[in-house]
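Student: I would like a close look at one part of this protein. Please take me through the charged side chains and their partners.

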Amino acid sequence: MRRKIVAGNWKMNKNSEETEDLLNELIGLIPNNLDCEIIVAPPFVNLASAVDHLEFTPIEVAAQNMHQAESGAFTGEISADMLKSIGVNTVIIGHSERRAYFHETDSILALKVNTALKHNMQIIFCFGEELKDRKSNSHFELVETQLREGLFHIETHSWQNFILAYEPVWAIGTGETASPEQAQEMHQFIRKTIEVKYGNQIAEKVSILYGGSVKPENASEIFSKPDVDGGLIGGAALKASDFIAIIEGI
């Protein structure tokens, strides 16, 4: 059975005090009958304190990004070894904002994947199409390319380190709405694409999260789709009650 996962990407939000407050709220609201894995990704400066704060809870800590190099003259960047040294074993790679604002290409992301695997990290690998791709009906082709260029060089055994996160960028802050049926359609396509390359066993085992503006109001319907295994949550992850409501929708 595939892992059910809800991950909260805090992006560039929450200072040290606010981080502690939000984590305390989450800890206090975790359901007794928890039926999924929970991951939170605070900003870099709060990762170490989050790891300490959540040590005896079911909540795992992830980094929002990392550099592909082991070390060196890369001012402002963070390495896999630095993350591992503070107890962070999960990293988000390829988020739509990293692709769009920081020009991270599929080839760069493939290098980041290699480095994370070298350090035996769990990887939340993000991908998805923009509005122009959806409107030109090239969204399936684009997603297949992102998977092929970013991931399809890895060995079969490495898939145990991966969580996938499909982000329909066209449905995030654009006024456009992605239906649960559209989410299922793409998740099914993603699973089939992996099956063609790596076989049914790998395709059926990997968890695919949906990252298209999941809210408490729509979480249950989206998560009920057979190929949707949870969500990568943005804004709603910054409010404890909303994040927990989404978790309860799994």
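Which residues form a negative surface patch?

Tutor: Keep in mind that this is a predicted model. The negative surface patch is made by E17, E18, E20, D21 and E25. Take E20 as one of them. E20 sits in helix α1, which spans residues 16–29. Its relative accessibility is 42%, so E20 counts as partly exposed.

Now turn to charges that do have partners. Side chains of opposite charge can pair when their charged atoms come close. The model holds 15 salt bridges, counting a side-chain nitrogen of Lys or Arg within 4 Å of a carboxyl oxygen of Asp or Glu.

Start with K118 and E70. Their side chains meet in a salt bridge, at 3.3 Å from N to O. K118 belongs to helix α5, while E70 is in the loop between β3 and α3. The two are 48 residues apart, so this pair links distant parts of the chain. K118 is exposed, with a relative accessible area of 63%. E70 is partly exposed, at 32%.

Next comes a salt bridge between the side chains of E181 and K225, 3.4 Å from N to O. E181 lies in helix α8, and K225 lies in the loop between α10 (219–223) and β8 (230–233), so the pair ties together parts that are 44 residues apart in sequence. E181 is partly exposed, with a relative accessible area of 44%.

Look at R191 and D227 next. Their side chains form a salt bridge of 2.6 Å, N to O. R191 is in helix α8, and D227 is in the loop between α10 and β8. This pair also links distant parts of the chain, 36 residues apart. Both R191 and D227 are buried. Salt bridges with shared partners join R2, R191, E204, D227 and D229 into one network.

D227 has another neighbour to check. Its backbone oxygen lies 3.0 Å from a polar atom of the H187 side chain. H187 is in helix α8, residues 180–198. The relative accessible area of H187 is 0%, so H187 is buried.

To review, place each charge by its cover. R191 and D227 are both buried.

Note on methods. Residues numbered from 1 in each chain as written. Predicted model: local features only at pLDDT ≥ 70, side-chain atom pairs only at ≥ 80, totals over all residues. Heavy atoms only, no water. Patch = residues over 30% accessible without salt bridge, like charges linked within 9 Å, V, L, I, M, F, W, Y side chains within 5 Å. Areas by Shrake-Rupley, 256 points an atom, 1.4 Å probe, with all protein chains shown as cover. Lys, Arg positive; Asp, Glu negative; His and termini not counted. Charge placed at Lys NZ, Arg CZ, Asp CG, Glu CD. Helix = DSSP H or I, 4+ residues; strand = E, 2+ residues; numbered from the N terminus. Buried < 20%, exposed > 50% of the residue type's maximum accessible area, 1.4 Å probe, protein only. Polar contact = N/O pair within 3.5 Å; in protein donor to acceptor, adjacent residues only side chain to side chain.
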